[in-house]
Amino acid sequence: MRRPAEGTLRGIATFLSTFGIGVATYITIADSGGGSPVCVAGSHGCQTVAESSYSHVFGVNIAVFGIVGYVVLLACALLRGDVARMLGFLVSLSGFGYSFYLTYLELFKIEAICQWCVSSAVLMTLLFATNVTRMLIYVGKEP
């Protein structure tokens, strides 16, 4: 199997992070208005998750931290070099781990699923896979 070009991996990461910024921003805007994200399929899972005690850390909606993470991942995707590769790996690893934890909370503690949260978790998982690939293949190599 042929290895993906770094430019291709950077392009994928750029697309995924930009989409992630949009999802996290939507969740943040919905929360800032005192509401919750609207579930596409019409369930009340998003509202249940948004109203849970797990949706805020130190009074800040966790989606705000998501925006910051996705912006850093976008910057890493746009930059070349080992620092960008390693930072992209570390941030996506953290985001993946936290998304995994939040998904666990949705399933076993809150007992509700937010479609927007799931989409963010999927995006972060894809970003993690992309950044791991980029790091493993290209760290230590000149662009």
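Predicted model: local features only at pLDDT ≥ 70, side-chain atom pairs only at ≥ 80, totals over all residues.
## Aromatic pairs in this model

Tyr98 has an aromatic partner, Tyr101. The two ring centres lie 5.9 Å apart and the planes meet at 35°, so this pair is tilted. Both residues sit in helix H4, three residues apart, which puts about one helical turn between them. Tyr101 is partly exposed as well, at 40% relative accessibility.

Let us turn to a second pair. A pair of aromatic rings is described by the distance of the centres and the angle of the planes. How are the rings of Phe96 and Phe128 arranged? Their centres are 5.0 Å apart and their planes stand at 10°, so the pair is stacked. Planes under 30 degrees apart count as stacked. This pair links distant parts of the chain, with Phe96 in helix H4 (residues 82-110) and Phe128 in helix H5 (residues 115-138), 32 residues apart.

Is Phe128 buried or exposed? Phe128 counts as buried, with 18% relative accessibility, whereas Phe96 is partly exposed at 27%.

Here are the two pairs in brief.

| Pair | Centre distance | Plane angle | Arrangement |
|---|---|---|---|
| Phe96 and Phe128 | 5.0 Å | 10° | stacked |
| Tyr98 and Tyr101 | 5.9 Å | 35° | tilted |

The count for the model comes to six aromatic pairs. Phe96 and Phe128 also belong to one aromatic cluster, together with Phe89.

Key:
Residues numbered from 1 in each chain as written. Heavy atoms only, no water. Phe/Tyr/Trp six-rings, centres within 6.5 Å; stacked < 30°, edge-to-face > 60°. Helix = DSSP H or I, 4+ residues; strand = E, 2+ residues; numbered from the N terminus. Buried < 20%, exposed > 50% of the residue type's maximum accessible area, 1.4 Å probe, protein only.
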